[in-house]
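Colleague: I would like to learn how to read strands, sheets and ring pairs in a model. Please take me through one case.

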Amino acid sequence: LPIFDNLFVLLEQISGEVEEAPVCSNLQILGEKAVATPSKIGKKVDTQKVVKSLALSLKNGETSPRINLETVGIMPDITQEKLALCTNLKAEFETDIRGVNQEGRICNIGLALSKFNGLILNDGESFSFNKIIGETTAENGYKPAKVILNGKYEDDYGGGVCQAATTVYNACLLAGLEILEVNPHSLQVGYVKGAFDAMVAPYVSDLKVKNNSGAPIIFFAEGTTRNARVKVFGLKNNFRLVRRSEKKEFDAQKEPTVNAKYEGFLDYYDGDNLVKSERIRRASYFKKKAE
């Protein structure tokens, strides 16, 4: 009937004024905590009900039927209640910034970690540390500081980003995330135990991590004048993970350039009960080259 054709045209015209899209909840960092933002139910015109109401009015003999514009709710794909399950503190890690004349290092650590603060990694996604922090150039805000280069300490732009990477790495490790790539320094560093450092350098070495937790995670990260800090929020962990570094014996005559060897372990606890131990890394650190 022509009246129904006109009705559908009218509904299309007014739907934009009546309908509201649902609003999904998102993860955000508030202070040092993760929060799920409010979600909102949307609404759309219930075309079927409107048509049925009009048909009934015509059937009852009404010559000027009144059209009741009824709506139906649209649930958001991600509700606040659902996403609130992903605001648990999965892990946190901190490293100290030591030494004198560390202005450049402090700047670089803070700048690198600022790229991670508020970063959301959905289930199955991965990140590259080098891609996130960008090139460690003066144009990008990085400053000269001490770096390990060819077995010696030298000044270069971005010195300190390895400490930022190490802090991110250990937080991810304790959160139970999958480590796709991590490499040790050539010289042992003082801000973390052996076999738990993460050396990063453009086109040479990267830190890559995959979220295999089954739900989104979000990072809190900051660098202060005294330390680097990272927290990972998401679903509750099934186990409490503890790092363990063991120094290993080696034959100094057969390996005269080696200074120390370590193995890194993860211990899985259910409460106070040790469930299993897993060796995750081996690392050899060399002697510092003469100046």
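This is a predicted model: local features need pLDDT of at least 70, side-chain atom pairs count only at pLDDT 80 or more; totals for chains, interfaces and linings use all residues.

Colleague: How many helices and strands does the protein have?

Modeller: Helices (H or I, at least four residues) and strands (E, at least two) are DSSP runs, numbered from the N terminus. Here the secondary structure comes to 6 helices and 16 strands.

Colleague: What share of the residues is buried?

Modeller: Buried means under 20% relative accessible area, exposed over 50%, and partly exposed in between, with a 1.4 Å probe and protein chains only. Of the 291 residues in the protein, 38% are buried. The protein exposes about 16,600 Å² (Shrake-Rupley method, 1.4 Å probe; for residues, only the protein chains shown count as cover). Carbon and sulfur atoms supply 49% of that area.

Colleague: Which part of the contacts is between residues 24 or more positions apart?

Modeller: A contact means heavy atoms within 4.5 Å. Among contacts in the protein with a separation of 6 or more, residues 24 or more positions apart account for 70%.

Colleague: What is the strand order in the open sheet of 3 strands?

Modeller: Two strands pair if DSSP finds at least two bridges between them. In this sheet the order is β7-β11-β10, with antiparallel pairing. β7 (126-128) and β10 (178-181) each have a single partner strand, so one side of each is left without a neighbour in the sheet. Neighbouring strands are turned by 20° against each other on average, direction ignored. For such angles, axes are lines fitted to C-alpha atoms, for helices over the stretch in contact, and angles run from 0 to 180 degrees between N-to-C directions.

Colleague: How many bridges join β10 to β11?

Modeller: There are 3 bridges between β10 and β11 (residues 208-210), and I179 has V209 as its bridge partner in β11. Helix α6 (residues 161-174) lies across β7, β10 and β11, at about 140° to β10.

Colleague: Which strands form the open sheet of 4 strands?

Modeller: Its order is β5-β13-β12-β6, again with antiparallel pairing. The edge strands, β5 (88-96) and β6, each pair on one side only. β6 pairs with β12 (residues 217-223) over 2 bridges, and I120 stands opposite I218 in β12. Helix α4 packs on this sheet, touching β12 and β13, and its direction makes about 165° with that of β12. Helix α6 lies across β5, β12 and β13, running at about 150° to β5.

Colleague: Which strands does β15 pair with?

Modeller: β14 and β15 run antiparallel and are joined by 9 bridges, with V242 opposite D267 in β15. β15 also pairs in the antiparallel sense with β16 (residues 273-286), over 12 bridges, and Y269 stands opposite L274 in β16. β15 and β16 form a hairpin with 2 residues between them, and G271 in the turn has a positive phi of about 70°.

Colleague: How many aromatic pairs are there?

Modeller: A pair of aromatic rings is described by the distance of the centres and the angle of the planes. Rings of Phe, Tyr and Trp (its six-membered ring) pair if their centres lie within 6.5 Å; planes under 30 degrees apart count as stacked, over 60 as edge-to-face and the rest as tilted. The structure holds 6 such pairs. In one of them, F116 and F127 have ring centres 5.3 Å apart and planes at 75°, so the pair is edge-to-face. F116 is in the loop between α4 (103-114) and β6 (120-121), and F127 is in strand β7, 11 residues apart. F116 is buried at 0% relative accessible area, and F127 is buried at 5%. F116, F127, F129 and F219 form one aromatic cluster.

Colleague: Where do F239 and Y268 lie?

Modeller: F239 lies in the loop between β13 (227-234) and β14 (240-248) and Y268 in strand β15 (residues 258-270), so the pair ties together parts 29 residues apart in sequence. This pair is edge-to-face, at 6.0 Å centre to centre and 85° between the planes. F239 is partly exposed at 33% relative accessible area, whereas Y268 is buried at 15%.

Colleague: Which charge lies over the face of Y268?

Modeller: A charge sits over a ring if NZ of Lys or CZ of Arg is within 6 Å of the ring centre and within 35 degrees of the ring normal. K276 lies over the face of Y268, at 4.5 Å from the ring centre. The charged end of R244 sits over the ring of F265, 4.5 Å from its centre.

Technical notes: Residues are numbered from 1 along each chain as its sequence is written. Side-chain values use heavy atoms; hydrogens and water are left out.
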